[in-house]
Each structure stands twice: as C-alpha cells, then as structure tokens.
Amino acid sequence: MQILETFRLTLREFTPDDADALALVLSDPETMRFYPAAFDRTGVEQWIARNMRRYAEHGYGLWAMVLKANGEVIGDCGLTVQNVEGSNEVEIGYHVRRDRWGHGLASEAARGCRDYGFEKLPVERLVSLIRPENIPSRRVAEKNGMKVWKEITWRGLPHLVYAVQRREF
Ligand SMILES: CC(C)(COP(=O)(O)OP(=O)(O)OC[C@H]1O[C@@H](n2cnc3c(N)ncnc32)[C@H](O)[C@@H]1OP(=O)(O)O)[C@@H](O)C(=O)NCCC(=O)NCCS
C-alpha cells in the first residue's frame, strides 16, 4: 500500500518480498555503524515483520523508500512509536543504501513523513532519536525543522532527542 509521495520517492508498506533489497541497506556495517550490529538475514526478515505489525497496530511504521525513477527500494523512512523517558513519542526514522547517500533523499523522505505525521496523527510534536556522533542524521533532522529538545540515555547509549512542534510546522 502506497503511503505518500515526494518529488523523487514513493513511500509504501514493506512486504516480505522486500527482504533482499532491504538487506543491502540494513546488513551494511557502514550504514549500521551507529547501531549495536548490522542485521543478518533473519534480522532483516524480523525487522520487516515488526514493521508489518506496526502497520496493523498503529496504521504506520517504517516504510519502504522507493526511487520513482527505477522502482528500486533504496531504504526506509517512516514513523514509529518510541518510549522516551516514560512518554510515547512518534519518531521519524530513516536509513538509505550507501550508494545513494548525499543526494538529499533522506531529507526529502523525512520531510514527507513530517508533513504526513502532522496531517494524519493527533500529535503535538515529532521527534528523531540520534546518536550525537551521527552528523548526517543530525543534518537530516535539522533540515526537517527539528532542534535538540533533550539529551537522554536510550537503549543504554547517549542520544539527542530532536523535535519539531506542530505549532512550528
Ligand atoms: C543518515 C542518512 C539516512 C542520510 O541519508 P542521505 O540521503 O545521504 O541524506 P541527505 O543527502 O539528505 O544528507 C544529509 C546529510 O548527510 C551527510 N552526507 C551526505 N553525503 C554523505 C556521504 N557521502 N558520507 C557521509 N555523510 C554524507 C551530509 O552531512 C548531509 O548534510 P548536508 O546536506 O548539510 O551536507 C544516511 O547517512 C544513512 O543511511 N546513515 C546510516 C543510518 C542512520 O544512521 N540512520 C539514522 C539513524 S538516527
């Protein structure tokens, strides 16, 4: 199911058939350097299954980022519920296949998710949880109108919580 469209991308729900394409993203150690580990094949399949459960439960999750020019899945971007110091926040998350970095695709997809989130969900803010040393991801958040809201320990590691408020949107 297609969710939204930007100039160069469509975002749609993942299906199990996307595992090969997604593995090129989530199994790349360089792309996953800010995570505890890259995903093996089972991890990629579980990741898709987890997001399919999110679609069923919340109506959203991390979606497949599809390049309109050739129909290829080149990453993910979307919305997930995250527990931030005891409160549920909706997070914009993104991963892009390494050979496509540096063309503004994550920023374009993240803006699409921000607009979609504020249009469709009753939330006052959207957040992105980012390791302080992850400069590319911080730039995506900043270009998405977000500012650092607070610094927390999340899943055992220091994270910046970037946020954009509905009233600023
Ligand atoms: C973060 C990420 C999604 C950005 O994707 P992208 O499509 O390259 O992003 P954009 O082109 O919109 O650029 C965002 C920033 O990435 C950085 N960047 C771009 N090309 C880069 C490259 N070849 N190498 C390193 N950083 C690069 C730049 O700082 C850029 O900011 P700028 O426009 O101010 O220069 C991508 O780097 C990625 O998949 N990283 C690994 C997964 C990850 O960390 N996800 C976020 C978890 S919080």
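## Crossing of α1 and α2

In this predicted model, the axes of helix α1 (residues 19-26) and helix α2 (residues 41-58) come within 10 Å and cross at roughly 110 degrees, the axes being lines fitted to C-alpha atoms over the stretch in contact, with angles from 0 to 180 degrees between N-to-C directions. Helix α1 is therefore roughly perpendicular to α2, a term that covers angles of 65 to 115 degrees. Helices here are DSSP runs (H or I) of at least four residues, and strands are E runs of at least two, numbered from the N terminus.

In contact, meaning heavy atoms within 4.5 Å, are Ala19, Asp20, Leu22, Ala23 and Leu26 of α1 with Arg41, Val44, Glu45, Trp47 and Ile48 of α2. These residues divide into 7 nonpolar, no polar and 3 charged.

## Nonpolar cores

The largest nonpolar core has 47 residues, of which Trp63, Leu79, Ile92 and Leu126 touch the most other members; helix α3 (residues 105-120) gives the most to this core, with 7 residues. Such a core is a set of buried Ala, Val, Leu, Ile, Met, Phe, Trp, Tyr and Cys residues joined through side-chain atoms within 4.5 Å, where buried means under 20% relative accessible area, exposed over 50% and partly exposed in between (1.4 Å probe, protein chains only). Apart from this core lies another, of 7 residues, including Val127 and Ile152.

## Ala69

Ala69 is found in the loop between β3 (62-67) and β4 (73-84), and is exposed, with a relative accessible area of 75%. Its C-alpha atom is separated by 8.3 Å from that of Leu9, 60 residues apart along the chain.

## Basis

Residues are numbered from 1 along each chain as its sequence is written. Because the model is predicted, local features need pLDDT of at least 70 and side-chain atom pairs count only at pLDDT 80 or more, while totals for chains, interfaces and linings use all residues, and side-chain values use heavy atoms, leaving out hydrogens and water.

Key. Angles under 35 degrees count as roughly parallel, over 145 as roughly antiparallel, 65 to 115 as roughly perpendicular and the rest as oblique. Ala, Val, Leu, Ile, Met, Phe, Trp, Tyr, Cys and Pro count as nonpolar, Asp, Glu, Lys and Arg as charged, and the others, Gly among them, as polar.
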